[in-house]
Amino acid sequence: MTEPVEPIGRPVRTPKTAELIAADLRARIVRGELRAGDALPPETLLMAQFGVSRPTLREAFRILETESLIAVRRGARGGAHVLSPDRAVAARYVGLLLQLDGATIGDVHQAWAVLEAACAARLARTRTRQDLLDLRACVEGLQAAAGAVPDPAGWARHAARFHDLVLQRCGSRTLAVQCGVLQDIVATHAGPGTPEQAELPRRLLRSYARLTDLVEARDAEGAERHWRAHLELSARGPRRSTAVVDLFR
């Protein structure tokens, strides 16, 4: 008696034509064939090139609009224009997943601290002279912003630049993107500072300088340990237990 054969296949959904068009345009944007600010050809030309109707083409446009890859303006001077892929879009989708899992801002911040500390360690191993010059320039900017006349906007600008340098110069694009997404979630939903936090930049200034020294010394373990402690310290506050869902309303 022949034994029953286990099924090896599964139902496969045929992509809609609009999805195929969106995939083609998306690939061109990712490859750099279409750059931010470029105007897509007129709808009539694209309809002829793809051999589709206007409703199908516009459905493809809507897919790309939801991904923030194009912006469509209606009217006589309208049309579709290419946008740069935005990390904030990824942060939004990740935030939705975190909502479903009931994650707290404290949990997100802890994960960010682990990843950015790993980036700091990698930077210490591979840093260049230019990396050090750029980090030192940020520290000088932070020192000026935390001076006798505090400059909160200047502090925020130089601090953000410092964090970006740690991510962008670490040598791992994957770590940089993942960490940046978590960083965006935390930064977007940071609450108003307390009176005690008004002095925080002064206390943290030496921490930025310390990481720069560790990077210069190529002390990867020390850099990772120090930067993780720095980030965990900056996360302390009443909003740590706030659910992500409460912040995406």
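Tutor: Let us begin with a term: buried means under 20% relative accessible area, exposed means over 50%, and partly exposed covers the values in between. Please also keep in mind that this is a predicted model.

Student: Then S68, please: how does it count at 24% relative accessibility?

Tutor: S68 counts as partly exposed, because its relative accessibility is 24%, and the buried class requires a value under 20%.

Student: Where is S68 found?

Tutor: S68 sits in the loop between α3 (54–66) and β1. Its phi is near 55 degrees, a positive value in a residue other than glycine.

Student: And what about phi of R218?

Tutor: R218 has a phi near 60 degrees, again a positive value in a residue other than glycine. The loop that holds R218 runs between α9 (200–216) and α10 (220–234). With 43% relative accessibility, R218 counts as partly exposed.

Student: Stepping back, what does the secondary structure of the chain come to?

Tutor: The chain has ten helices and two strands. Their order from the N terminus is α-α-α-β-β-α-α-α-α-α-α-α.

Student: How much of the chain is buried?

Tutor: Of the 249 residues in the chain, 37% are buried. As for contacts with a separation of 6 or more, 71% are between residues 24 or more positions apart.

Student: On to helix packing. At what angle do α4 and α8 pack?

Tutor: Helix α4 (residues 87–101) and helix α8 (residues 173–188) pack at about 70 degrees, and their axes are 9 Å apart. That angle makes α4 roughly perpendicular to α8.

Student: Which residues meet there?

Tutor: From α4, the residues are R87, A88, A90, A91, V94, G95 and L98. They meet V177, G180, V181, Q183, D184 and I185 in α8. By class, this contact has eight nonpolar, three polar and two charged residues.

Student: Changing topic, how much space lies in the second largest pocket?

Tutor: The second largest pocket holds about 160 Å³ of space. It is lined by 14 residues, of which E43, R73, G78, G79 and A80 are the closest to its centre.

Student: Which elements give two or more residues to that lining?

Tutor: Those elements are β1 (70–73) and β2 (79–82). Strand β2 gives the most, with three residues.

Student: And the lining of the second largest pocket by class?

Tutor: That lining has seven nonpolar, four polar and three charged residues.

Methods
Residues are numbered from 1 along each chain as its sequence is written. This is a predicted model: local features need pLDDT of at least 70, side-chain atom pairs count only at pLDDT 80 or more; totals for chains, interfaces and linings use all residues. Side-chain values use heavy atoms; hydrogens and water are left out. Axes are lines fitted to C-alpha atoms, for helices over the stretch in contact, and angles run from 0 to 180 degrees between N-to-C directions. Helices (H or I, at least four residues) and strands (E, at least two) are DSSP runs, numbered from the N terminus. Angles under 35 degrees count as roughly parallel, over 145 as roughly antiparallel, 65 to 115 as roughly perpendicular and the rest as oblique. Contact means heavy atoms within 4.5 Å. Ala, Val, Leu, Ile, Met, Phe, Trp, Tyr, Cys and Pro count as nonpolar, Asp, Glu, Lys and Arg as charged, and the others, Gly among them, as polar. On a 1 Å grid over the protein atoms alone, a cavity is a set of points where a 1.4 Å probe fits but cannot get out, and a pocket is an open set with protein on both sides within 12 Å along at least five of seven lines; lining residues have an atom within 4 Å of a point. Grid points are joined across faces, edges and corners, and a volume is the space filled by probe spheres set on the points. Buried means under 20% relative accessible area, exposed over 50%, partly exposed in between (1.4 Å probe, protein chains only).
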